[in-house]
Amino acid sequence: MAPVAVPAQPEASHASKSTAQTTASDEQQSLSSFSDYHLDYRLWNPSDPTSASSQQFVSALRTAMVGIGFFYLHGTPLDVKRAEMFDLVERFFALPVEERMKIDMDNSRHFRGYCKFGDERTQAKQDLRDQVDYAPEVQPIQDAALVEKWPFLNLYGPNQFVPDEVCRDHRRIVLDWFETANEVSNQLTRAIELALGVAEGELAQFLTGNVGKEAVDAELGKLGALPYARMKTIRYPTGDTVDGIERSDPASTQGVGAHKDSGWLTILAPSAEVGGLEAQDFDGSWLSVPHVEGSIIVNFGQQVEFLTNSIVQAATHRVVSNPAGSKDRYSVAFFSSPALNVYLEALESDRFSPELVSAWKAAQSKRNDGEIVSDVPKGDLFARADEPFGWINWRGLVRSHPGVVRAFYRHIVQD
Ligand SMILES: O=C(O)CCC(=O)C(=O)O
Ligand SMILES: [Fe+2]
């Protein structure tokens, strides 16, 4: 990959020293310096995916698809919404913790709402962040017998928002971002279909849930398509204690531990001021992923890897936190997901376009014998062909949020 000049980056508040304990050298490379990982969304014309400009976008996407699974996407409609969104996030986390706790996730059987600092773990270690989780704003599913048989149907339901007089426009700003990020994910999915050389809708059907009858359980099929996605607004706070909560390990810098996102595509807006996001290169080294003005970050989740037989890799990434820094870090992450009702089956590799295969071979030849080093086991959250995808979302949420399980699901979830 040819490094490319990019606009000067704001200084990351965690200097390279704080990552030196986990990286081999002080000279950490930045993902932003590689031209292959910068895509221009304005080239993509949704009403004419076969135009020369759209094809140029698809070709760039193909190159990114055989990379480490992370890229910058410039010129999306999220850019103009960013300032308002980050203003909201800062206002929300500045509220007294008692106000934030009024939308505590432990009050939501649908796994929506605020998770206080230190409640979440990755690889058995406390993550140093607090966050609000959202998903589609929909009615709960009413058919009690079906919900009992398929507990993941509980994931459908309303979000929790703070009233306007406490935090102005919480609901409006979040739902608007959710819808816009979802549209970007849908457009990228169409472009991925073209990059792979598969028919229109072949991947999109897994997201919309409008799959052929044979792919759906008959009873579940009664409910129709059950599209799903999640979103988080996140804070990585500084300070020895946070909201009166002690850090369990004062020396820890684990904002969020190394992981691969479990879903389809992640559309991520990282802090412009405070660094810390890192992506793992194929040789195991960690690249910094700073915000670049006028872009958002996209990464592939594990279901893209699953469906493409690993020709596309889900990115291994983490956030290195700096509790001693002068500013809290904020980020906004949208995770598209296969619909709850669908069964995923990997595509036959021999169907991929010659262009994709040659891009993949070229990328392989530059790696250590095609070897991929990752701190996360391959396929830890892959879908299974014999169960609806809802189970993957359900298991992930049950594992991450024991408080919700204690409040609502003691009878069906064993420790
Ligand atoms: O906060 C970030 O920048 C990344 C968060 C992330 O990777 C996640 O929540 O899955
Ligand atoms: Fe992630």
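Predicted model: local features only at pLDDT ≥ 70, side-chain atom pairs only at ≥ 80, totals over all residues.
Trainee: Is D261 buried or exposed in this model?
Mentor: D261 has 5% relative accessibility. The cut-off for buried is under 20%. D261 therefore counts as buried.

Trainee: Which residues coordinate the iron ion (ligand 2)?
Mentor: The contacts run at 2.1 to 2.2 Å.

Trainee: What spacing do the donors of the iron ion (ligand 2) follow along the chain?
Mentor: D261 lies in the loop between strand 10 (254–259) and strand 11 (265–269), and H317 in strand 15 (residues 317–320). The pair therefore ties together parts that are 56 residues apart in sequence. The donor spacing reads H-x1-D-x55-H.

Trainee: Is H317 buried or exposed?
Mentor: Take the cut-off of under 20% for buried. H317 sits at 5% relative accessibility. That makes H317 buried.

Trainee: In what order do the four strands of the open sheet stand?
Mentor: The pairing in this sheet is antiparallel. Strand 10 and strand 13 (286–288) are the edges, each pairing on one side only. Neighbouring strands are turned by 30 degrees against each other on average, direction ignored. The order is 10-15-12-13.

Trainee: Which residue in strand 15 is the bridge partner of V256?
Mentor: Strand 10 and strand 15 run antiparallel, joined by three bridges. In strand 15, V256 is partnered by V319.

Trainee: What feature does UniProt place at residues 227–338?
Mentor: Over residues 227–338 the chain is 5% helix and 45% strand. The end C-alpha atoms of that stretch are 7 Å apart. The UniProt entry is unreviewed, and its label for the stretch is "domain: Fe2OG dioxygenase".

Trainee: How many residues of strand 11 are buried?
Mentor: L265, I267 and A269 point one way from strand 11. T266 and L268 point the other way, and all are buried. Strand 11 is mostly covered, with a buried count of five of five.

Trainee: Which residue in strand 14 is the bridge partner of L268?
Mentor: Strand 11 runs antiparallel to strand 14 (residues 295–300), with four bridges between them. L268 has its partner in strand 14, namely I297.

Trainee: Which residue in strand 16 is the bridge partner of T266?
Mentor: Strand 11 also pairs with strand 16 (residues 329–337). That pairing is antiparallel, over four bridges. The partner of T266 is F335.

Trainee: How far apart in space are L265 and F335, C-alpha to C-alpha?
Mentor: L265 is in strand 11 and, at 1% relative accessibility, is buried. Leaving out residues up to four places away in sequence, L265 touches several residues, including L188, I192, F300 and F335. L265 and F335 are 70 residues apart in sequence, yet their C-alpha separation is 5.9 Å.

Trainee: Why is strand 6 (residues 130–134) largely enclosed by the rest of the structure?
Mentor: D130, V132 and Y134 point one way and Q131 and D133 the other. All of them are buried. Strand 6 is largely enclosed because its buried residues number five of five.

Trainee: Which residue in strand 6 stands opposite G113?
Mentor: Strand 3 (residues 113–115) pairs with strand 6 over three bridges, in the antiparallel sense. Opposite G113 stands D133.

Trainee: Which residue in strand 7 is the bridge partner of Q131?
Mentor: Strand 6 also pairs with strand 7 (residues 228–236). Five bridges link them in the antiparallel sense. The partner of Q131 is I234.

Trainee: Which residues does Q187 touch, not counting those up to four places away in sequence?
Mentor: Q187 lies in helix 6 (residues 170–196). Its relative accessible area is 14%, which counts as buried. The contacts of Q187 are Y41, W44 and P46.

Trainee: How many disulfides does the structure hold?
Mentor: A disulfide needs cysteine sulfur atoms within 2.5 Å. The sulfur of C115 has its closest cysteine sulfur in C167, 17 Å away, too far for a bond. C115 is buried at 10% relative accessibility, and C167 is buried at 1%. The number of disulfides is zero.

Note on methods:
Residues numbered from 1 in each chain as written. Chains lettered and ligands numbered in written order. Heavy atoms only, no water. Donors = N, O, S within 2.8 Å, 3.2 Å for Na, K, Ca; no water. Helix = DSSP H or I, 4+ residues; strand = E, 2+ residues; numbered from the N terminus. Buried < 20%, exposed > 50% of the residue type's maximum accessible area, 1.4 Å probe, protein only. Pairing = 2+ DSSP bridges. Axes fitted to C-alpha atoms, helices over the stretch in contact; angles between N-to-C directions. UniProt positions renumbered as here; feature names shortened; annotations may be inferred. Contact = heavy atoms within 4.5 Å.
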